[in-house]
Amino acid sequence: MSVIEIKNLTKNYGKARGIIDVSLTVEQGEIFGFIGPNGAGKSTTIRTLLGLIYPTSGSARIFGKCCTTNPEVREDVGYLPSEVFYYDGMRVIDLLRYSASFYKKDCTKRINELAEIMDLDLKKRIDDLSFGNKKKVGIVQGLIHEPRLIILDEPTAGLDPLMQQRFFELIASENKKGATVFLSSHILREVQKMCERVALIKDGRIIKLEKMSELQGNNFKRIKVEGQSDLDKTIFDMPGVSKLENGGKTASFLYRGDINNIIRKLAQTELSNLSIDEPDLEEIFMHYYSKDG
Amino acid sequence: MNMYLHELKSMRKSTIMWTCSMIAIALVYLSLYPAIFSDGAHFKDMLAGYPASIRAVLGVTLDSVTTLLGFYSMIIAFVVLCGGIQAMNLGMSMLSKETRERTADFLLVKPVSRAAVVTAKILAGLTVFLITDVVYYAGASVIASIVKQSSYSGGLFFMINLTLFFVQLIFFAIGAVVSVFFDRLRSVLPVSLGTVFGCYIIGALVAAGKDDWARFISPFRYFDYSYIIQNSRYETPYLATGAVIVIVSVVTCYFVYARKDIHAVS
Amino acid sequence: MNMVLRELKASSRALIIWSVSMFLCVLTGTIKFTAYTTATSTGPSINELLKTMPTSIKALFGFASFDMATMAGYLALLFIYVELVAAIHAALLGAGIIAKEESDKTTEYLMTKPVSRAAIVTSKLVAALLNVVVINVVTLVSFLVVIPLYSKGNDISGEVLMLTLSMFVVQLIFLSLGAVLAAWMRHPRTSGSVATGVLFTAYFVARITDMSDKLRFLNVISPFKYFDLGRMVAGNGLNTGIVLLSLALVAAFTALTYVFYQKRDLNI
């Protein structure tokens, strides 16, 4: 049984587009990345999955059950929203205890553990916390019941780099313990570092769903060359070359196709430098988004 | 249970405030009772000359106006107005505050059904104004026993006070059902004040005299105190209307809230 | 100017609802007058009754010295409710318009624009003032339209004008009270509740104070008692001294609104 199973999910907001025909599955123990620009439908998908909004058609299941008809499946789900707002006039510990009271577990030890890891003062009033500190409350709050599925919506916004690192370590260790992670983000570095598989969403549709290794390796090479004299533009005029940036002696481009072809072509020129790298996700991402996919 | 307690806790301060204001109203007015009682005889003679429509508008019952119960049934109108505002506020803010204060993303991803959320909130609201009413009733009883000039029926006194609870129940249910139809209710007070006050003014100005149909418009007029004092019971049609309003509202509330999309923070 | 327009737009729907309610309030109240007058013809004159009625009882009903058989006298009774409605509107508006940025979490948006806090308060108050003027004019026009339909007596436009003028001053008092509360309180969201709490206290005080001479000093805390409705319906106009004192109060509240808002640590 898949942990998350989304089938042909469509949500319309009146005339406005929500998401169209989204299908994806996340398996037990995976860290799944969900990437897309702002407004692509990431949050809509997550909110439907959690049962906060109702689908127009299709289905979204967690552990084989739908959150709206079987709210008890949320027992095993931890959710960190992109923006956190909590009740006025409560201390951090009050909120965490209230949160813990929804689960059939004693979470006291866990609260202290997590608070220590995230460097969170439990006695402070939530109203007085900064945005980043509220976010930490959100993280702890989402993890106190040791959920088997962790859903993160833009989790690192507002956290300083140190905390971001600790946070990802925390998530990684939860994952090692067996938790499945669904990470929605537009920060590709995060996704690249963490995820085994990714889905790319644009304008409400999934445009790519692939293993990270394939997506990254998938024939794409980032090639940078430096010529001894100004480079002849026509050498790059061949199938498989994209994103060409050519300025005098240097050129940089993405290449997809038989590597021998480009090497033979490059060998015809006098080069002073050459580098061939795995492209980072950002470049692939831009590749998918800037063109029509 | 945890949600219920959480709700109760968050309403503690306002409950104390409402209860105190309501007792204060009773205290101020009831303390005038001895003076009014001394004017009793004249007062009674004079009122006999009033036309019926005026008597109805003033809520004065001719026969019993100088008794404690008669006097009390005039002043409880203010208390009921106060309680009505409290109840409507409660009903409206209860469910809408999760979206207004943007805590819905916290509460509604917990392993509880929407129905359980509604139940916890409704029970907490009920408890709040039940506490208010019990404390108020205790306070009013003490004050009444101090200012009384002759003995009065405790049963009728209770029945008069019970109308406070009924009216609150109606406004609470109306408030709850109104709130689920708004996607984002920015502020509760204008709507609840408007509704409750509208009903109060309609009750005071329109629903006077014998035009019984008009009494159905304003819950404040569902309970005619002179009728209660004379017959020791409530008027069934109005009681039934109140019950229907409450049941329909609550059921609608469950139904709509369970199917409602909770949108992301804008 | 852009901020004033923005505020006006934001309050336009509420203003329409309040205006319609106000009109209905005037209409239903005035229709009821017919019931009073026809009822009186069957019994002894209401005035005679009122003369013999103990003051405490009359006060309890809020029509201490009005001649109930005339439209003007009845108007004074009805006007208590009308004034209350207008005051609630003004208090909620004053508190809401100042507290809005913080309760809607738009503080950062507005405060980073190149405008001073004083300018922000000014635009908000100007917009609120316009709202209050609209409600006042709606009330006046409603009365002037509705009364001739039901009253065959003398023309009482003058009295109506006086009453609505006095109501305007009361509206200003509650508007500025709401504003100063919102600027001063730590949690501006609750300022609306506090403002209406003050308002209701003032209303109850008004209903109670003339029951006994000993309590009359309390009138000073109830703007509903600043203007003698009886005096106005008798055609004696407004007491200039009290108008000036009230306006001074409004000015003080307004000034304090600027001061508090200037010093305020805005909640983000």
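**Figure 1. The two domains of chain A.** In this predicted model, the centres of domain 1 and domain 2 of chain A, taken over C-alpha atoms, are separated by 38 Å. Domain 1 of chain A covers 4-215 and domain 2 covers 219-290. These bounds come from an automatic or database domain assignment. Local features need pLDDT of at least 70 and side-chain atom pairs count only at pLDDT 80 or more, while totals for chains, interfaces and linings use all residues of this predicted model. Residues are numbered from 1 along each chain as its sequence is written, and chains are lettered from A and ligands numbered from 1 in the order in which they are written.

**Figure 2. Where chain A touches chain B.** Contact joins 22 residues of chain A to 19 residues of chain B (C-beta atoms, placed from the backbone, within 7 Å). On the chain A side, helix 1 (42-50) and strand 5 (77-80) are the elements that give two or more residues. Helix 1 of chain A gives the most, with three residues. Helices (H or I, at least four residues) and strands (E, at least two) are DSSP runs, numbered from the N terminus. By class, this side of chain A has 14 nonpolar, two polar and six charged residues. Ala, Val, Leu, Ile, Met, Phe, Trp, Tyr, Cys and Pro count as nonpolar, Asp, Glu, Lys and Arg as charged, and the others, Gly among them, as polar.

**Figure 3. Helix 2 against helix 8 in chain B.** Helix 2 (residues 12-31) and helix 8 (residues 114-147) of chain B pack at an angle of about 20°, their axes 9 Å apart. Axes are lines fitted to C-alpha atoms, for helices over the stretch in contact, and angles run from 0 to 180 degrees between N-to-C directions. The two helices of chain B are therefore roughly parallel (under 35 degrees). Their crossing is right-handed: the near helix is turned clockwise from the far one by less than a right angle. Residues of helix 2 including B:Trp18, B:Met22 and B:Leu30 meet residues of helix 8, among them B:Ile131, B:Tyr136 and B:Gly139. The contact has 14 nonpolar, five polar and no charged residues.

**Figure 4. Helix 4 against helix 7 in chain C.** The axes of helix 4 (residues 71-103) and helix 7 (residues 157-184) of chain C come within 7 Å and cross at roughly 25°. That makes these two helices of chain C roughly parallel. Helix 4 of chain C passes helix 7 in a right-handed crossing. Their contact has 22 nonpolar, four polar and two charged residues.

Notes:
Parallel < 35°, antiparallel > 145°, perpendicular 65-115°, else oblique. Contact = placed C-beta atoms within 7 Å.
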